[in-house]
Amino acid sequence: MTLSHGILMIFAIAGLAVLAFFVGVTTIESRQAHQVDTLEPYNSPTVRPRAAVVYFSRSGNTALAARHVAKRLDASLYSLEAPAYALGLIGLTHSALDAKARRDNADKLPEITPRTLDLTPFSSVWLGSPVWFYSPAPPIWAFVEHNRFDGQDVVLFNTFNSNFGDDQIAAFKAKVMERGAKSFEHRHVLRGRMTQQLTPEEMLQTIDQEWFPE
């Protein structure tokens, strides 16, 4: 085997390993989405609420956390849609590339729906997102960029697998405060690595214990 053939073989093996990783992650995400989709159903209250919960979720775990938080707060609940990050290999690839791009260029933000919301009726706004590349996912950054939080208490909450960057949370806080917020808090729940994660029930129990202590 020539040197060039050996190098090609190494690249081919590395490419297959990356593909296998992405396929494995996609399979787990799809299973998780199916598992949590029907848990904690929620309808926004008919009486005018004082809190809003706005969230983005890919595999459904942050969505589950958001529904649970909304129940605890009796809050209005809003889901952000970002079609580029739909479940599957293409969406996973876009999520990884865009998360990296946003860290390198803060103006690199995705299209989301809804882009803006009338948040003026609320005294507090909870913003939910998974953590990608140690930072809240790009859609929640895009929402903050296009909305204001004048005089409101803002809480960022994250579900994540490994860790988040304190610098990224500090930058998110600075952006929220620039948009008029009165205060900022960060709450989070570590779900664990893909093969050793908290169950949905354990995640909700952790949220109750750590975010809403009696």
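How many bridges join S1 to S3? The answer is five, and the two strands run parallel.

## Getting started

This is a predicted model, so a few ground rules apply: local features need pLDDT of at least 70, side-chain atom pairs count only at pLDDT 80 or more, and totals for chains, interfaces and linings use all residues. Residues are numbered from 1 along each chain as its sequence is written, and side-chain values use heavy atoms, with hydrogens and water left out.

Here's the overall layout. The protein chain has six helices and six strands. Those labels come from DSSP runs, numbered from the N terminus: helices are H or I with at least four residues, strands are E with at least two. Reading from the N terminus, the order is α-β-α-β-α-β-β-α-β-α-β-α. Of the 214 residues, 45% count as buried; buried means under 20% relative accessible area, exposed means over 50%, and partly exposed lies in between, using a 1.4 Å probe and protein chains only. Now for contacts, meaning heavy atoms within 4.5 Å: among those with a separation of 6 or more, 81% are between residues 24 or more positions apart.

## How the strands line up

Strands count as paired if DSSP finds at least two bridges between them. Take strand S1 (residues 51-56): it pairs with strand S2 (residues 76-80) in the parallel sense over five bridges. To get from S1 to S2, the chain passes through helix H2 (residues 61-73), making a right-handed β-α-β crossover. Right-handed here means that, with the strands pointing away from the viewer, the path from the first strand over the helix to the second runs clockwise. Val 53 is a handy residue to look at: its bridge partner in S2 is Leu 77, and it also stands opposite Trp 126 in S3.

Nine of its nine residues are buried. S3 pairs with S5 in the parallel sense over seven bridges, and within that pairing Ser 129 has Asn 158 as its partner in S5. S4 is joined to S3 by two bridges, and these two run antiparallel, with Val 131 standing opposite Pro 136 in S4. S3 and S4 form a hairpin with two residues between them, and in that turn Phe 133 has a positive phi of about 50°.

Most residues other than glycine have a negative phi, and most peptide bonds are trans. A few spots here go the other way. Tyr 134 has a positive phi, near 70°, and sits in the loop between S3 and strand S4 (135-136). Its relative accessibility is 45%, so Tyr 134 counts as partly exposed. Glu 40 also has a positive phi, about 55°, although it is not a glycine. You'll find Glu 40 in the loop between helix H1 (3-36) and S1, partly exposed with a relative accessible area of 21%.

Then there's the cis peptide bond joining Thr 113 and Pro 114, where omega is about -5°. Pro 114 is in the loop between helix H3 (89-104) and strand S3 (124-132).

Ser 95 belongs to helix H3. At 5% relative accessibility, Ser 95 counts as buried. A polar atom of its side chain lies 2.6 Å from the backbone oxygen of Leu 92. Leaving aside residues up to four places away in sequence, Ser 95 touches Arg 58, Tyr 85 and Trp 132.

Helix H5 (residues 166-178) has 13 residues and reaches 18 Å from its first C-alpha to its last, close to the expected 18 Å. That expected span is 1.5 Å times one less than the number of residues. Its buried residues are Gln 168, Ile 169, Phe 172 and Val 176. Seen down the axis of H5, these fall within an arc of 100°, so they line one face of the helix; the arc is that of the directions from the helix axis to the C-beta atoms. An α-helix has 3.6 residues a turn, so residues three or four places apart point the same way.

What covers those buried residues? The cover includes H3, S3, S4, helix H4 (138-146), strand S5 (153-160) and strand S6 (183-190). On the other side of H5, Asp 166 and Glu 178 are exposed. After H5 comes Gly 180, whose phi is positive, near 100°.

How values were computed:
A polar contact is a pair of N or O atoms within 3.5 Å; within protein, one must be able to donate a hydrogen and the other to accept it, and residues adjacent in sequence count only if both atoms are side-chain atoms.
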